[in-house]
Amino acid sequence: MYFKDIPGKEREKHFLLSNAQEDRLAHAQLFLGRTGSGQLPLALAFASYILCTDRNESDSCGTCSACLKSHKFIHPDVHFSFPVVKKDGKNRNETTSNDFLVEWRQILKKNPFLDIKTWLHSLNLENGQANINVKECTEIVKKLGLKTFESDYKVLIMWMPEYLRNEGNRLLKLIEEPPENTIILLVAEKQDAILNTILSRVQLLKVHPFTYEDVKSYLIENYEHPDQDTDQIAALAAGNMNSAIHLTEQDSVNYSDALFQWLRESYKMEPVELSKWVNEMAKWGRENQKNFLEYGLHFFREYLFSLTTNRNSVRLNEYEQSIAQKMTSLLDISKTEQIIHILNECMGAVERNANPKILFLADSLAIGRVMRNMHVGENIYQV
Ligand SMILES: [Zn+2]
């Protein structure tokens, strides 16, 4: 993994690069950030950078013998530890990360921004109780006690130390006084799920969520497909690159067309057409309904922004901006806030498993009433 393959993150990259260049490597570091913020790719890029024998100011070279291995995640001095479940044919307490290294390397190549759900899903083990067990901790102590194989340093990347639970205490001594030339990189999402005794022994690097522009540029470079709307996906992902990658893999759904049609039908309140739309939405399934509502919230927040500032929102594409402009005669700030409120409530109801037909019909009528209060009897909503 190269630093240049991770969009944005200038502050985090600068911190890591300058520490390595000035030989100020902390023995144990915690890369902490919300799900999908890129803490694991940063740790991977950092490990390659530390081991690279021909690194430059901003990245590892990619061609030295260390890079050839570390970039494929097969360097013998880079050890991985991560939550696992029972391996077929083995007892759970005998299963460790080593048993899943092949799958681990595959997913890192495919999506290094993964979360625990993505990881377990890739193993077809969504329902497994993942953890990092006693045997794993014993093996880590053993591995890091060995001499390095090829490089000056050995690196342990432990992903999701949240899953250590009390076993983490077995690693305290190691984290406090690692063997010579050993760097421990913990990569986590939830600070309060990590043992305090570990937290107090590590150098903390806070990894901020990706910006909208970061996500968009990454998608354009790696995933763009003609019928997918990168603006829409970047907005929906809300800084979580793992979500963005999943959205690109879903069947392309045009949320903006569905939203604008919803507003039209809600405004017209024509029963046959409206129930057709509602029945269609009911078939979408919960995840897609949530994405749709998330998109609606994004659109109206940006619309509200342009109403209050009199500027076009840069987070809406041209098509959305043209719709937004047509809406200004119909939806003022107060009406927009009411619609945002309805969408928020609707999102909560979808999450609580409400009946989608009843829910979306009721909310269509609510939105229709908000819209019509302003222009009763006029059918100006034609986009
Ligand atoms: Zn290199």
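# Salt bridges, a zinc site and a buried phenylalanine

Me: Which residues are linked with Glu94 in a network of salt bridges?
Reply: A salt bridge here is a side-chain nitrogen of Lys or Arg within 4 Å of a carboxyl oxygen of Asp or Glu. By that criterion, the network that includes Glu94 also takes in Lys135 and Glu139.

Me: What kind of model is this, and which pLDDT do side-chain atom pairs need?
Reply: Residues are numbered from 1 along each chain as its sequence is written, and side-chain values use heavy atoms, with hydrogens and water left out. The model is predicted: totals for chains, interfaces and linings use all residues, local features need pLDDT of at least 70, and side-chain atom pairs count only at pLDDT 80 or more.

Me: How many residues apart in helix H6 are Lys135 and Glu139?
Reply: Their side chains meet in a salt bridge, 3.9 Å from N to O. Helices (H or I, at least four residues) and strands (E, at least two) are DSSP runs numbered from the N terminus. Lys135 and Glu139 both lie in helix H6 (residues 134-145) and are separated by about one helical turn, because their spacing is four residues.

Me: How far apart in sequence are the parts that Arg201 and Glu176 tie together?
Reply: The side chains of Arg201 and Glu176 form a salt bridge at 3.3 Å, N to O. Arg201 lies in the loop between helix H8 (196-199) and strand E5 (203-207), while Glu176 is in helix H7 (residues 172-176), so the parts joined are separated in sequence by 25 residues.

Me: What is the geometry of the zinc site?
Reply: Donors are N, O and S atoms within 2.8 Å of the metal (3.2 Å for Na, K and Ca); water is not among the atoms, so sites may look incomplete. The SG atoms of Cys52, Cys61, Cys64 and Cys67 coordinate the zinc ion at 2.3 to 2.4 Å. Four donors count as tetrahedral if all angles lie between 85 and 135 degrees; four count as square planar and six as octahedral if opposite donors are over 155 degrees apart and all others between 65 and 115, and anything else is irregular. The angles among the four donor atoms are 105 to 116°, and the site is tetrahedral.

Me: Is Phe260 buried or exposed?
Reply: Phe260 is found in helix H12 (residues 255-268). Buried means under 20% relative accessible area, exposed over 50%, and partly exposed in between (1.4 Å probe, protein chains only). With a relative accessible area of 1%, Phe260 is buried.
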